[in-house]
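Open your viewer and follow along. Each stop tells you what to select and what you will find there.

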Amino acid sequence: MSTMRKLPALRFLPLSLPGTRILSRPASSPLRTITTTPAPPRRENRERVAIVTGAARGIGRSIALRLAQDGYHITASDLPALQPQLDSLVSEITSSGTTKAHAHPADVTSPADIASLIHSSAATLGPLDTMVANAGIAQVKPLLDLTPEDFRRVFDVNVAGVHHCFQAAAKQMIAQDLSHQTPGEEIRGRLIAAASIVAFKPFALLGHYSASKWAVRGLSQVYAMELARHKITANAYAPGIVDTKMWELIDEGLGEKAGGRGKGEMMRQYSEELIALGRTSVPRDVAGLVSFLGSRDADYVTGQTFIVDGGIIFT
Ligand SMILES: NC(=O)c1ccc[n+]([C@@H]2O[C@H](COP(=O)([O-])OP(=O)(O)OC[C@H]3O[C@@H](n4cnc5c(N)ncnc54)[C@H](O)[C@@H]3O)[C@@H](O)[C@H]2O)c1
């Protein structure tokens, strides 16, 4: 981040138009709003099931809602403390009357929890088609101050967590017979993980987080190699700066290190300086990409990590 341009102070005006989400904008630049109209669903001609971890809030919640809109039945998972948020997500999904959903809390660092998650999903909703290993944590701390526990914790959730989900889901997919699939379907399962743009270019002060997401990118590639013979694909999505609780924490940490900057200042500065499309990302931006990765349009895509960042990193 040391090469970052210094921008003049910007004045932000609140915008409020019907059917739009309110975002701030510099007084001198064009409107930066996004429409709240949902994208059309990618419905397919058979019932499908997806598990989404870290689904109680943020990007995971948006992915669960989008996959449900696409016609997936959803098993939503998160830490046990977030059961009320999972229950409210399940109510929202099932209120459509056409899609089934079920909540099963699990800590992704525990292989036993993940085995039980997969089992409960299959018992309740049927054969598993797609696993979205979305749960993750971040921590803002200089590398020289990291304790072994800081490092271990981030890798446990972000890397081992993805591995536990991918491994157990793949075993389930391989064990299932294919009678639930449409004749001619080539792919028997999809593994999708949360990476980040820091898997391509790290952020200073997010060293162990960046390394963990780099590892997720590598792990997905090896899963793609080893599971291709089982017709299981493995891919990852790499969001940029998404307005969620995680970025609230990053904003606070970076603000503190920059000498006590106000709430939201760092996120605004990073968004303004780095994002070509000129607005901070919202979870739905990421859910759209995951919708593609979870669809038959992505049948011939494996081993890839896709950036969805409004134009920060160009590959
Ligand atoms: N927000 C961003 O800008 C951004 C950018 C790039 C990548 N990501 C990644 O996207 C994913 C979702 O991030 P978010 O912004 O929605 O964050 P978030 O903090 O809002 O949500 C993360 C969810 O993961 C859950 N979780 C944490 N530890 C867990 C564990 N051990 N077991 C089960 N669940 C656990 C949390 O309870 C939470 O509900 C994360 O993997 C994150 O690293 C986020």
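## Stop 1: two helices side by side

Select helix H4 and helix H5. In H4, the residues Asp 150, Phe 151, Val 154, Phe 155, Asn 158, Val 159, Val 162, His 163, Phe 166 and Ala 170 meet His 208, Tyr 209, Ser 212, Lys 213, Ala 215, Val 216, Leu 219, Tyr 223 and Leu 227 of H5. Contact here means that the C-beta atoms of two residues, placed from the backbone, lie within 7 Å. Helices (DSSP runs of H or I, at least four residues) and strands (runs of E, at least two) are numbered from the N terminus.

Before going on, note what you are looking at. This is a predicted model: local features need pLDDT of at least 70, side-chain atom pairs count only at pLDDT 80 or more, and totals for chains, interfaces and linings use all residues. Residues are numbered from 1 along each chain as its sequence is written.

How is a helix pair described? Two packed helices are described by the angle between their axes and the distance between the axes. H4 covers residues 148–175, and it packs with H5 at an angle of about 20 degrees, with the axes 9 Å apart. Axes are lines fitted to C-alpha atoms, for helices over the stretch in contact, and angles run from 0 to 180 degrees between N-to-C directions. H4 and H5 are therefore roughly parallel to each other. The cut-offs are these: under 35 degrees is roughly parallel, over 145 roughly antiparallel, 65 to 115 roughly perpendicular, and the rest oblique. The crossing of H4 and H5 is right-handed.

## Stop 2

Now select the strands S5 to S11. What is the strand order of the open sheet? Its seven strands run S7-S6-S5-S8-S9-S10-S11, with parallel pairing. Strand S7 (101–103) and strand S11 (305–308) stand at the edges, each with a single partner strand, so one side of each has no neighbour in the sheet. From one strand to the next, the twist averages 20 degrees. Two strands pair if DSSP finds at least two bridges between them.

Zoom in on S5 and S6. S6 is residues 72–76, and it pairs with S5 in the parallel sense over five bridges. Pick Val 52: its bridge partner in S6 is Ala 76.

Stay on S5. Is it enclosed or open? Five of its five residues are buried, so S5 is largely enclosed by the rest of the structure. A residue is buried if 20 or more other C-beta atoms lie within 10 Å of its own, exposed if 12 or fewer, and partly exposed in between; C-beta atoms are placed from the backbone. Arg 48, Ala 50 and Val 52 point one way from S5, while Val 49 and Ile 51 point the other way.

H5 lies across S9, S10 and S11, running at about 165 degrees to S10. Helix H8 (residues 283–293) also packs on the sheet, where it touches S8, S9, S10 and S11. The direction of H8 makes about 165 degrees with that of S10.

## Stop 3: a crossed pair

Select H6 and H7. They pack at an angle of about 95 degrees, with their axes 7 Å apart. That makes H6 roughly perpendicular to H7. Trp 247, Asp 251, Leu 254 and Gly 255 of H6 make the contact with Glu 265, Met 266 and Met 267 of H7.

Which residues of H7 are buried? They are Met 266, Met 267, Tyr 270 and Ser 271. Seen down the axis of H7, its buried residues fall within an arc of 130 degrees, so they line one face of the helix. The arc is that of the directions from the helix axis to the C-beta atoms.

## Stop 4: loops

Pick Arg 42, in the loop between strand S4 and strand S5. Arg 42 touches Asp 70, Ser 291 and Ser 295, not counting residues up to four places away in sequence. Its C-alpha atom is 9.4 Å from that of Gly 294, which is 252 residues apart from Arg 42 along the chain.

Next, Leu 205, in the loop between S9 and H5. Leu 205 has a positive phi of about 75 degrees although it is not a glycine. Most residues other than glycine have a negative phi.

Finish at Thr 98, between helix H2 and S7. With 10 C-beta neighbours inside 10 Å, Thr 98 counts as exposed.

Key. A crossing is left-handed if the near helix is turned anticlockwise from the far one by less than a right angle, and right-handed if clockwise.
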